[in-house]
Amino acid sequence: MKLRTFSIAILASMLVASATAPGAFAHTHVSKTSIAENAKLAASPPDFTVTFEGKTKLASIALTDAAGKVVPLAYKPPPAKAASFKIPLPTLSPGLYRLMWRTIGADAHAMSGMVHFTVAHS
């Protein structure tokens with residue numbers, strides 16, 4: 001009988017902990033980006049901003065072209081957590097591109113996201 005009481009007490013404390021600290025178990029998702037998914041841009045964008053629902057650590061960001069070739073970025077993710085990151089972009093030739101990022105949430109889980117876009121031919 002004592003084991004059952006102990007199990008119920010453990011379960012109750014876990015429920016209280018998860019109800020009082022939901023942020024500890026939640027992932028931080030993207031709330032907006034400055035370039036929409038599948039956007040067709042008239043010109044090369046000067047930068048890309050990604051904004052999250054809360055502070056997160058940006059672990060990496062990469063830009064590739066239609067052939068999958070990495071386009072170098074003059075940007076290093078900051079060590080501090082933030083809710084928004086503004087990444088300067090090089091002047092892009094017309095074509096298809098993919099921006100990919102990875103973040104590390106408060107729960108230490110890595111999450112990734114991406115945006116595909118096209119720079120129009122002039």
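Strands β6 and β7 of this predicted model pair in the antiparallel sense over ten bridges. Two strands count as paired if DSSP finds at least two bridges between them. Helices (H or I, at least four residues) and strands (E, at least two) are DSSP runs, numbered from the N terminus. Leucine 99 stands opposite valine 115 in β7. Five residues lie between the strands in the hairpin of β6 and β7, and there alanine 108 takes a positive phi near 70°.

β7 also pairs with strand β2 (residues 39–41), in the parallel sense and over three bridges. Threonine 118 in β7 is the bridge partner of lysine 40.

In a regular strand the side chains alternate between the two faces of the sheet. The covered face of β7 holds Met111, Gly113, Val115, Phe117 and Val119, while Ala110, Ser112, Met114, His116 and Thr118 make up the uncovered one.

A search of the whole structure finds three aromatic pairs. Rings of Phe, Tyr and Trp (its six-membered ring) pair if their centres lie within 6.5 Å; planes under 30 degrees apart count as stacked, over 60 as edge-to-face and the rest as tilted. One of the pairs joins tyrosine 97 and phenylalanine 117: the ring centres are 5.6 Å apart and the planes are at 25°, so the pair is stacked. Because tyrosine 97 lies in β6 (residues 95–104) and phenylalanine 117 in β7 (residues 110–119), the pair ties together parts that are 20 residues apart in sequence.

| Residue | Relative accessible area | Class |
|---|---|---|
| Tyrosine 97 | 9% | buried |
| Phenylalanine 117 | 2% | buried |

The chain as a whole has one helix and seven strands. Their order from the N terminus on is α-β-β-β-β-β-β-β. Of the 122 residues in the chain, 26% are buried. Among contacts (heavy atoms within 4.5 Å) with a separation of 6 or more, 61% are between residues 24 or more positions apart. The accessible surface of the chain comes to about 7,900 Å², and 65% of this belongs to carbon and sulfur atoms. Accessible areas come from the Shrake-Rupley method with a 1.4 Å probe; for residues, only the protein chains shown count as cover.

Residues are numbered from 1 along each chain as its sequence is written, and side-chain values use heavy atoms, with hydrogens and water left out. In this predicted model, local features need pLDDT of at least 70 and side-chain atom pairs count only at pLDDT 80 or more, whereas totals for chains, interfaces and linings use all residues.

Definitions and conventions: Buried < 20%, exposed > 50% of the residue type's maximum accessible area, 1.4 Å probe, protein only.
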